[in-house]
Amino acid sequence: MVQVKRRITPGYVMVVLFVGLFAALCLYPFLMVISGSLTSRSAAVMHGFSLIPKEFTTDAYTVLFTNSASIIKAYQVTVGVTVIGTALSLLINSMMAFVVSRPNLYGAKFLNIYVLITMLFSGGIVPWYVICTQYLKLTDTYAALVLPMAASAWNVFLIRNYFRSMPHELYESARVDGASHFRIYRRIYVPLAKPIMATVLLFAALAYWNDWWHGLMLINRAEMQPLQMMLRAVIANIQFLMAQSGTATPWMNEMMARLPSDGVRMALVVITTGPIILVYPFVQRYFVKGIMVGSVKG
Amino acid sequence: MTDKLNRKKIRRIFGDWQLYAMALPCVALLFAFAYMPMGGLILAFKRVTDFSVGIFRSPWADPWYRNFELLFRGNPAALSAMRNTLFMNFLFISVGTVFALALALSFNEIRRPFYKRLTQSISFLPYFISTVVIGIFVSGMLAFETGSVTNLIHSITGERIRFYMEPGYWPGIMLAVNIWRLGGFNAIIYLAAISGIDPQLYEAAEIDGASRMQQTWHVTLPLLVPTIIILTILAIGRIMNADFGLFFNVTRDVASLYPTMDVLDTYIYRALRRSGDIGISTATGFFQSVVSFALVIVSNKLANKIEKGSALF
């Protein structure tokens with residue numbers, strides 16, 4: 001490999017600046033929200049949100065902690081759904097991947113196509129909604145937050161491709177030794193496929209943590225809503241209050257002025273998104289690996 | 001003879017019963033949440049006033065294309081939603097691809113591993129954030145009174161823009177949001193392709209006296225063309241589908257932004273859950289599903305023609 005020490009050219013400086021600027025812009029909203037959650041409403045109205053709080057206050061967090069019952073409940077829902085959903089989706093998708101990667105299985109080809117079709121064609125949300133509410137009776141059940149996302153063609157194929165790349169002799173010799181299919185899957189294939197399992201686990205966990213769609217469509221009871229829906233509800237309530245304040249009494253306006261409504265919203269973002277940001281540095285390389293594997297062959 | 005063969009086959013199938021049992025949960029869930037809704041598409045040809053009657057017991061529409069007539073005749077909102085979907089996806093595909101490519105090539109040039117890793121990790125972070133939170137980020141910048149961008153513009157020009165009342169700004173805003181969210185993610189895909197390029201090509205170019213810029217232009221880019229074409233074709237296959245969360249949460253579903261920001265997915269949602277135009281929403285959904293399917297099939301065939309094995313099937 002020819003390694004030449006390169007000079008710093010104007011082009012290189014531009015590249016460095018471009019990359020740095022984009023990274024800064026990616027980071028900016030996060031910092032703005034943290035700062036915003038610590039800014040008083042009057043300062044926000046006077047100057048807008050900035051990177052450093054102009055008038056420091058923890059009122060927003062006080063408001064959240066005095067009303068913490070619903071937040072804790074929503075946290076419980078989200079954590080529960082994420083843990084159960086991720087475990088379930090990892091299990092059923094990897095089992096399916098194992099099955100469709102068996103070359104001599106009668107019907108493996110059919111099962112492959114069965115999974116593939118769900119990637120290519122979708123009934124859309126209207127029939128989906130009718131099936132979920134009228135036939136599967138998922139309205140206001142926790143199953144509505146777990147089951148619809150559990151089986152994923154994308155994850156099945158990601159794991160299948162990994163299984164396929166493993167030497168077939170592993171399987172055959174275990175078969176000769178009398179191991180059952182499930183045992184081979186559990187004792188040989190899953191442990192050897194740890195990298196791809198980690199990637200799928202993280203993608204699934206992220207999808208469950210960030211999900212609000214199933215809450216929006218299938219959950220009507222407020223106490224069963226996950227965190228992301230709670231975040232949405234707070235936005236809607238604040239919008240409602242804002243709209244009301246235009247015609248409200250001076251007393252109401254004064255209340256609104258003191259209540260750090262934007263701040264509350266941003267503090268809730270800090271609380272709900274915080275866990276993702278905290279684990280991100282440790283897990284991001286698995287995502288990168290997953291994308292690279294997936295982009296080589298879907 | 002054939003009897004014997006059949007028996008052998010049956011014995012093999014019974015011997016593999018564990019495998020079929022392992023496939024069952026996934027098969028069942030896909031059946032419930034993917035295949036049953038596909039069957040439910042016949043709703044588009046039914047006259048539905050109340051979902052509790054069920055898909056099969058609802059009477060047929062009269063005439064059979066009644067719902068489609070409602071959709072296509074004198075329904076400017078649906079046509080506008082279709083136009084917006086196509087236009088926004090066109091923007092995302094064209095500008096988004098150029099940006100992701102520029103970002104990937106830039107990352108590839110950075111010589112300090114620490115700076116490269118740091119900037120790359122940060123640029124990938126927005127991909128992890130839900131659209132609900134992105135909506136709050138955007139309103140933190142664009143809100144009339146408190147938005148940081150609104151205030152910045154105010155301090156320069158002395159004017160405050162009511163962003164949430166002006167649909168004209170939003171194609172640009174949404175494009176920026178989409179690049180912010182997916183730029184780092186897409187750059188990684190291109191970086192993966194770049195890392196697959198034979199280093200000997202660069203050595204040869206260097207010996208021939210090519211500068212770094214020339215190497216990028218004459219070696220890296222031409223070798224990326226197949227990847228670019230394939231990703232673009234696959235994206236065109238999904239051009240009828242918009243990201244519901246993005247358009248629903250980031251615009252806060254404000255009615256004044258519908259002229260440019262109402263896409264097929266948000267239109268169908270509203271027709272289904274709010275206005276109760278079940279007929280129109282099923283017809284729109286049917287139209288979207290069928291056209292998408294045709295586009296996906298054609299685009300995958302095309303991608304496969306350019307590079308074998310690059311498509312979904």
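Q: In which helix of chain A does A:Ile291 lie?
A: In this predicted model, A:Ile291 belongs to helix α15 of chain A, which covers residues 261-296.

Q: Why is A:Ile291 called buried?
A: The term applies when 20 or more other C-beta atoms lie within 10 Å of the residue's own. A:Ile291 has 20 C-beta neighbours inside 10 Å, and therefore it counts as buried.

Q: Which residues does A:Ile291 touch, leaving aside those up to four places away in sequence?
A: The partners of A:Ile291 are B:Phe185, B:Ile188 and B:Ile189. Within chain A, A:Ile291 and A:Thr199 are 92 residues apart in sequence, while their C-alpha atoms are 8.9 Å apart in space.

Q: How many helices and strands are there in chain A, and what percentage of its residues is buried?
A: Chain A has 15 helices and 0 strands. Of its 298 residues, 40% are buried.

Q: What share of the contacts in chain A with a separation of 6 or more comes from residues 24 or more positions apart?
A: Such residues account for 72% of those contacts in chain A.

Q: What makes a group of residues a nonpolar core, and how many residues has the largest one?
A: The members must be buried residues of the nonpolar kinds listed for a core, joined through C-beta atoms within 7 Å. The largest core has 149 residues, and those with the most contacts inside it are A:Met95, A:Met96, A:Val99, A:Ile159, A:Val200 and B:Cys26. Helix α4 of chain A (residues 68-100) provides the largest share of this core, 11 residues. Another core, of 5 residues, lies apart from it and includes B:Ile230, B:Leu231, B:Ala303 and B:Ala311.

Q: Which residues does A:Met96 touch, not counting residues up to four places away in sequence?
A: A:Met96 touches A:Val115 and A:Val156 as well as B:Ala23 and B:Cys26.

Q: What residues make the contact between α1(A) and α6(B)?
A: From α1(A) come A:Pro29, A:Met32, A:Val33 and A:Gly36, and from α6(B) come B:Ile136, B:Phe137 and B:Gly140. By class, this contact has 5 nonpolar, 2 polar and no charged residues.

Q: How many residues of chain B are in contact with chain A?
A: In total, 80 residues of chain B are in contact with 87 residues of chain A. On the chain B side, helix α2 (residues 17-39) gives the largest share, 15 residues. That side divides into 47 nonpolar, 24 polar and 9 charged residues.

Q: Why is B:Arg252 called partly exposed, and why is B:Asp253 called buried?
A: A count of 20 or more is buried, 12 or fewer is exposed, and anything in between is partly exposed. B:Arg252 has 16 other C-beta atoms within 10 Å, so it is partly exposed. B:Asp253 has 20 C-beta neighbours inside 10 Å, so it counts as buried.

Notes
Residues are numbered from 1 along each chain as its sequence is written. Chains are lettered from A and ligands numbered from 1 in the order in which they are written. This is a predicted model: local features need pLDDT of at least 70, side-chain atom pairs count only at pLDDT 80 or more; totals for chains, interfaces and linings use all residues. Helices (H or I, at least four residues) and strands (E, at least two) are DSSP runs, numbered from the N terminus. Two residues are in contact if their C-beta atoms, placed from the backbone, lie within 7 Å. Ala, Val, Leu, Ile, Met, Phe, Trp, Tyr, Cys and Pro count as nonpolar, Asp, Glu, Lys and Arg as charged, and the others, Gly among them, as polar.
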